[in-house]
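Let's take a walk through this protein together.

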Amino acid sequence: MSKIHAAITAVNGYVPDYILTNQELETKVDTNDEWIVSRTGIKERRILKGEGKATSDLAVPAVQGLLEKRGITAEDIELIIFCTSTPDMLFPATANILADKIGAKNAWGYDLQAACSGFLFGLTTGAQFIESGKHKNVLVVGADKMSSIVNYEDRNTCILFGDGCGCVLLEANDEGNGLIDSVLKTDGSGTPYLNLQGGGSLNPASHHTVDAGMHYAYQEGRTVFKFAVTNMANVAADVMERNNLSSDDIAWLVPHQANKRIIDATAERAGLPEEKVMVNIHKYGNTTSATIPLCLWEWEDKLKKGDNLLLAAFGGGFTWGSIYLKWAYTKA
Ligand code: UT7
């Protein structure tokens, strides 16, 4: 019997309607469209507006659409892995909140926090439950309401991030398609360069943490850029080498969308031309855990059964990694 792989059998996404353009940001901070586009590739991002709206509200329409596409109900889901850095609350897990909102009565679940690498960590983790035979249907969600932790008076960060959700269903595949290999890394010495210090057990919320802006995402951009550009390219190259893949073998590179220059460096290192690289950073900015599944969702019509995909990400932690997977279906 051939090995069971965990394959993505459906993908969906959701981005909120409100478009925050570079032009609108020019009215808030000392920046300009030319700087943002040339340094990052971002033209606009989506923002979830409205009182009482949280990350789970990005996930509900994405997951409901996913279930409809696959022709299953929420009660068929056995496990929800919710990858996010902006959970609705510190606890309970947003996985639980989502399960309640969609009626996933038979699922257990948990949140997974690996910043911008969250979706890759979640996919690899979810795959174990399929490969072991423990579960038939695993839902992996990548969702972030980054606007809830962005300081719109800080030009270093407010131009970068947006809100969105992408999600996939994992099921068993015995045709050789699905997740084939992954290399995932963490290095906590990166903590000072990309973090959100307030509200955790180290710095519980207080007047001081609010006054000091500790509930906003902080990034030392230049340092993170240096690590990202090297590590994301290296880990993707490692995965190719381990699996004897040449650039001709790869149908698509699916990179985390943090900066177009980091994407270009990763593609160049992998020897891939731009026609093989999924890029939507200009429309959505950096949606953290959602970038990679949003790309898969937008490119779904172009993907063919058996295509070799190389996923790669780098983010806070530091965390980074790359996954090699064979796409399991051609959309009818
Ligand atoms: O997804 C998680 C992982 N995160 C990343 O991968 C992000 C990695 N970092 C980056 O993408 C880039 O470092 C940024 C896009 C954040 C910044 O680009 P940079 O080319 O590294 O710019 P910089 O921080 O070195 O700043 C260059 C100049 C500075 O001015 P001086 O000191 O040279 O006079 C900044 O003050 O650009 C200035 N600057 C801006 N100017 C206009 C910084 N932000 C802005 C802005 N508009 N929004």
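**Starting in a loop**

T287 sits in the loop that runs between α10 (281-284) and α11 (291-299). Helices here are DSSP runs of H or I with at least four residues, strands are runs of E with at least two, and both are numbered from the N terminus. Before going further, a word on the model: it is predicted, so to speak of local features a pLDDT of at least 70 is needed, side-chain atom pairs count only at pLDDT 80 or more, and totals for chains, interfaces and linings use all residues. Residues are numbered from 1 along each chain as its sequence is written, and side-chain values use heavy atoms, with hydrogens and water left out.

Is T287 buried or exposed? With a relative accessibility of 1%, T287 counts as buried; the cut-offs are under 20% relative accessible area for buried, over 50% for exposed, and partly exposed in between, using a 1.4 Å probe and protein chains only. Which residues does T287 touch once you ignore those up to four places away in sequence? They are D144, G162, D163, G164 and L294, where a contact means heavy atoms within 4.5 Å.

T288 isn't a glycine, yet its phi is positive, at about 60°. T288 is also buried, with 3% relative accessible area.

Follow the chain on into α11 and you find a helix that is mostly covered, with seven of its nine residues buried. Those seven are T291, I292, P293, L294, C295, L296 and W299. The cover over them includes β1 (5-14), α5 (118-131), β7 (163-173), β11, α10 and β12.

**Two helix pairs**

Now turn to α8 and α9, whose axes come within 9 Å and cross at roughly 30°. Axes are lines fitted to C-alpha atoms, for helices over the stretch in contact, and the angles run from 0 to 180 degrees between N-to-C directions. That crossing angle makes α8 roughly parallel to α9; the classes are under 35 degrees for roughly parallel, over 145 for roughly antiparallel, 65 to 115 for roughly perpendicular, and oblique for the rest.

On the α8 side, the contact is made by F225, A228, V229, M232, A233, N234, A236, A237 and M240, and on the α9 side by R261, I262, A265, T266, R269 and A270. Sorted by type, these residues come out as 11 nonpolar, two polar and two charged. Here Ala, Val, Leu, Ile, Met, Phe, Trp, Tyr, Cys and Pro count as nonpolar, Asp, Glu, Lys and Arg as charged, and the others, Gly among them, as polar.

While you're at α9 (260-270), find A267. A267 is buried, at 7% relative accessible area, and its contacts beyond four places in sequence are L253, L272 and V277. From A267 to T230, 37 residues away along the chain, the C-alpha separation is 12 Å.

The other pair is α3 (55-70) and α4 (94-102), with axes that come within 10 Å and cross at roughly 50°. These two helices are therefore oblique to each other, and their crossing is right-handed. S56, D57, A59, V60, V63 and Q64 of α3 meet T94, I97, L98, K101 and I102 of α4. This contact has six nonpolar, three polar and two charged residues.

F91 and P92 are joined by a cis peptide bond, with omega about 0°. P92 lies in the loop between β4 (79-83) and α4. Another cis peptide bond links G317 to F318, with omega about -5°, and F318 is in the loop between β12 (308-315) and β13 (319-326).

N244 is a non-glycine with a positive phi, about 50°. You'll find N244 in the loop between α8 (221-242) and β11 (252-255), where it is exposed at 68% relative accessibility.

**Stepping back**

Overall, the protein has 11 helices and 13 strands, and 55% of its 332 residues are buried. Its C-alpha trace spans about 60 × 45 × 35 Å along the principal axes.

Technical notes. A crossing is left-handed if the near helix is turned anticlockwise from the far one by less than a right angle, and right-handed if clockwise.
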